[in-house]
Amino acid sequence: MIDFTKVEPRLSQMSPSGINVPVRVGADAVHADSIGEPGAYPFTRGIFEDGFRGRLWTIRQYSGFGTAEESNERYRFLLDRGQTGLSVALDLPTQCGLDPNEEMAKPEVGKVGVSLSTLAEAEILFKGIDLGKISTSFTINGTAAIVYAMYLAVADKQGVARDKLTGTIQNDILKEYVARGTWIFPVRPSMRLIADSILYSNTETPRFNPISIAGAHVRDAGATAVEEIAYTLANGLAYVDELLRRGGDVEKFAKRLSFFFYVHMDFFEEVCKFRAARRIWARLMKERYGVLDPKAQHFRFGVVCGGSSLVAPQPYNNVVRVAVETMAAVLGGAQSIFTCALDEAYQIPTEFSAELAVRTQQIIAYESGIGRTVDPLGGSYFVEQHTDQIEAAVLKVMGEIENYGGVEKAIEEGWIQMRLAERALQRKLHIDSGETVVVGQNHFRNPDEVCTPGEVFRLDPAAAGRVIERHQKVLQTRQQSDVERALKRLEAAAAKDKENLLPYLIECCHTYATVGEMVGSLRAQWGEFQEPVRL
Amino acid sequence: MTLKENNEARDRAETTLRGRRILVAKPGLDGHDIGAKIIALALRNAGAEVIYTGLRKSAQYIARTAIDEGVDAVGLSILSGSHCELVAQVVAHLREGGAGDTQVFVGGTIPESDHEQLKALGVRGIYTSDMPLERVINSLAMELN
C-alpha cells in the first residue's frame, strides 16, 4: 500500500456532500426573509423561541445487552449518572421477529441488544423504573408495533396511566429496506402497521412519539449529509401520505412525527443540514398539506454523534470527534442527543467509556455556554449561504426520487439501495486514497500503534442460555388457550385493511404471546418482503 | 510500497480474480449490508464473477448456494458479534456437502482476540472496515492464487 502519512493533507474546497464551499462569503449571501426568527416559520433558526433556555436537549444514551437483568442494571447506572432518558437496544431476534429458541436466532440472542421475547422480559427490564417519569426510546422497526404494545402492557402492569407515557419507537420501516435490514413484511402491510401505531398513539399515548424517521442509518451506510436529509424527508412524506389515506388528521398526527440523524465531522455542513431540513419540512407541511398549526410544522429531531465517523486506530481521538459533533448538534438545534462512546467503533462500551460520553454532553451543556443563546450562528454570512446550498441540494435529490416514482417504488425495485452502495464504495475509496482525512487511520498514524485501550467489554457468554431458558419457562407457565385465542383474533384483524391492530397486539402481549408468534400471525396474512438484490 | 509496486500488485490481483466465482453472503440476522456490497462491487470491478446472497441467510443456505454455484470462495460479512458461531456453522455445512476445500473469508466487526479461533476454523482472511479496499482485494487474490 502507498504510505499516505507522508502526503500532506489539504483543506478541500468541496464539502463531503460535494458542495463547492467558497473561501469568503459576503453580506449579500444572507436573505433575511427566508431565515425568519427562532420559533417562527419556516423555523430555520429553531422550533423554540427560547432555544435551550426553556428546556435542555435530552441526554439519551443507547444501551442494552445480554439479559433483561443486566440491561436493567445498566439503565439504573446511567439514570444514576444523570441521564434523562432511556434508549433501549434490542437484540436481532427481537428486531427480526424471531423467538430466542429458534435456530436462526440462537447465535444472536442478547448480542447487540437485550432480548424482549415476551412481556415477562419487559417486566424485568423496567423493574424499579417508573415509566410515568422516564422517557424511553426503542430502536425498533420491523416489530415496532409489537414492542410498543409490550411497553403499554408493562405500563398497564405498573399501573401507569397511558397518557403519562413519554418516549419514542423508531418505527421507520422504509430505511430498514434501504440500510438497516430488519424488515419482515412487504412494504404495503408494513406501512399499514406503522399507520396503525401512529394513529393509536395519537389518542392513547398523546405524549409518546410513535415514529422517529431516521436518516442515521443511511448516513452510516454511506449517504452524504445531503442524501441523508433527502431520503429521510422523502420517507417522511410517504408516511404522511399513508396516514392521510387512513383518514388521519394531519394537524394532529404531524405533531407527533420526529426525526433522527447522524452528526459526522464536517461541522458547518452538519449544522446547516439541520437548519435546512427544518425549513424544508415546515414549508412542505404548510404548502403541500396545508398544515396551519405551527406545532404540526415543527421538524423535531434527535441525533447520534459518532457512528461510522469513529475509528478503532487511536481510539482516544474519538472523544474529540464526539465533542465536535455534539457541538454541531447543539448549534443545529437538536432535541435529543446520544453521544457514542470512544470504543463504540469496535465493541459495546465499557462503563468508563459510557460515562465519558455522558460527561461530554454535560460539559458542553453546562460549561461551554453554547446553548445559552438560541441559534447563535444565525445570520452568519457563511452559515446562511451554506444552509441555502444544502437546501437546494436536498430538494434536488428529493426530486430525483419523486421522478423515479416515489420512495416505495424506489425501494421495492432496489434503486435507492443501489445508489447507496455506489456512494458507500466511493466514500471508502476516498478514505483509502487519503483524500478524505481520517486522523490516525489514513493520516498521522504512529508506527507502533495500539489500536484499542486496555479495557475490553465482555458479554457474559452464558447470558443467551439464561434468556432461552427463561423463555421456555414462560411458554410452560402461561395460559396456552388465552394465547391461542389472542393470536387468532390478531390474524383475523390483520386480514381487514382498516382495522387498527394495536388493541389486538396489546391483548396478545398480556397473554405472554411471544414476538415470534405475533409476527407469525401477521406473516400468515401478509407474507414476507422479497429483497431486491441489485448491484 | 511505491506507486509502481502498488500498481503491479493490483494487476496481479486482477489477473487472478478474472472469471473466478465468489459468493458474498450475509449469514445470521445482521442487516448491515454495505460492507458486503462494497466488497462485492470491488471484486466485480476487479474482474471476478460475484454472487451476492442478500440478507439473513442460514448457514445451510449459504453452503448450498456455494456448492450449487461452484464458487471458488465464500466471503461472509458479519457485524453483529456472532462471527465465531456463524462461521463455524457455514464451514461445517460446506464440509458436509463435500466442499470443505472452498476458501472462506470473513469481514466485519471482528475483534483481534477472535482471529485465532476463526483461523482455526479454516478462515483464510479476516478483513475489517478500516482496511483499504485494495489491500483486501489483493490479499484475497493472493489466497486464491
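Q: How many residues does the contact take from chain A and from chain B?
A: This is a predicted model, and in it chain A puts 30 residues into the contact while chain B puts in 32 residues.

Q: Which helix gives the largest share of the side of chain A that touches chain B?
A: That's α18(A), with six residues. Helix α18 covers 415-433, and α4 (92-96) of chain A also supplies at least two residues of that side.

Q: And by class, what does the side of chain A that touches chain B have?
A: There are 19 nonpolar residues, plus five polar and six charged ones.

Q: Switching to chain B: which residues are buried in helix α3?
A: In α3, residues 59-69 of chain B, the buried ones include A59(B), I62(B), A63(B) and A66(B).

Q: Where do the buried residues of α3(B) fall, seen down the axis?
A: They fall within an arc of 95°, so they line one face of the helix.

Q: Which residue takes a positive phi just after α3(B)?
A: G70(B), with a phi of about 55°.

Q: OK, back to chain A. Where does R55(A) lie?
A: R55(A) is in the loop between α2 (51-54) and β1 (58-63) of chain A.

Q: Does R55(A) count as buried or exposed?
A: Exposed, because R55(A) has 10 C-beta neighbours inside 10 Å, and the cut-off for exposed is 12 or fewer.

Q: What separates the C-alpha atoms of R55(A) and Q335(A)?
A: 9.1 Å, though the two residues are 280 residues apart along the chain.

Note on methods: Residues numbered from 1 in each chain as written. Chains lettered and ligands numbered in written order. Predicted model: local features only at pLDDT ≥ 70, side-chain atom pairs only at ≥ 80, totals over all residues. Helix = DSSP H or I, 4+ residues; strand = E, 2+ residues; numbered from the N terminus. Buried ≥ 20, exposed ≤ 12 C-beta atoms within 10 Å, placed from the backbone. Arc of directions from axis to C-beta. Contact = placed C-beta atoms within 7 Å. Nonpolar A, V, L, I, M, F, W, Y, C, P; charged D, E, K, R; others polar.
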